[in-house]
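Let's take a friendly walk through the aromatic side chains of this model. Have the coordinates open and follow along.

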Amino acid sequence: MEDIKFDKTALSAVKGEKLTLNLTNAGALEHDFTIDKIDGKAEFDGKDAKSDKAAVHAVVKAKGSGKLELTPAAAGSYEFYCAVAGHKEAGMKGTLTVK
């Protein structure tokens with residue numbers, strides 16, 4: 001993560017297998033990794049990564065890092081994005097493809 005972009009905008013995973021993302025925020029602003037709807041398990045630094053509004057929501061403070069572990073339960077394409085106001089609209093988004 002950097003200010004208003006992800007360094008990778010295309011990710012892939014296999015249904016039922018754990019995908020580990022080492023999230024590092026090199027920017028001066030707080031960013032997050034959000035997926036609105038995806039079935040499965042998600043943990044960020046060992047804690048549940050679900051929120052009231054999203055199936056995956058992992059907040060990374062400026063110059064911080066953390067480990068997101070996601071085990072998707074269904075195949076499909078899922079948009080991930082930064083939910084900080086204006087960041088998604090500025091292009092901070094990508095696609096997770098689960099096979």
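**Aromatic rings and their partners**

In this predicted model, the count of aromatic pairs comes to 3. Now look at where the two partners sit along the chain. Phe6 belongs to the segment before β1 (10-13), while Phe33 is in strand β3 (residues 31-35), so the pair links distant parts of the chain, 27 residues apart. Both Phe6 and Phe33 are buried.

Stay with Phe33 and turn to its pairing with Phe80. Here the arrangement is stacked, with 4.9 Å from centre to centre and 20° between the planes; stacked is the term for planes under 30 degrees apart. This pair, too, links distant parts of the chain: Phe33 in strand β3 and Phe80 in strand β8 (residues 76-81) are 47 residues apart.

How buried are these two rings? Phe33 has a relative accessible area of 3%, and Phe80 has a relative accessibility of 1%. Both values fall under the 20% cut-off, so Phe33 and Phe80 count as buried. Putting the pairs together, Phe6, Phe33 and Phe80 are linked by ring pairs into a cluster.

Which residue lies over the face of Tyr81? Select Lys88 and you will find it there, at 4.4 Å from the ring centre.

How values were computed: Residues are numbered from 1 along each chain as its sequence is written. This is a predicted model: local features need pLDDT of at least 70, side-chain atom pairs count only at pLDDT 80 or more; totals for chains, interfaces and linings use all residues. Side-chain values use heavy atoms; hydrogens and water are left out. Rings of Phe, Tyr and Trp (its six-membered ring) pair if their centres lie within 6.5 Å; planes under 30 degrees apart count as stacked, over 60 as edge-to-face and the rest as tilted. Helices (H or I, at least four residues) and strands (E, at least two) are DSSP runs, numbered from the N terminus. Buried means under 20% relative accessible area, exposed over 50%, partly exposed in between (1.4 Å probe, protein chains only). A charge sits over a ring if NZ of Lys or CZ of Arg is within 6 Å of the ring centre and within 35 degrees of the ring normal.
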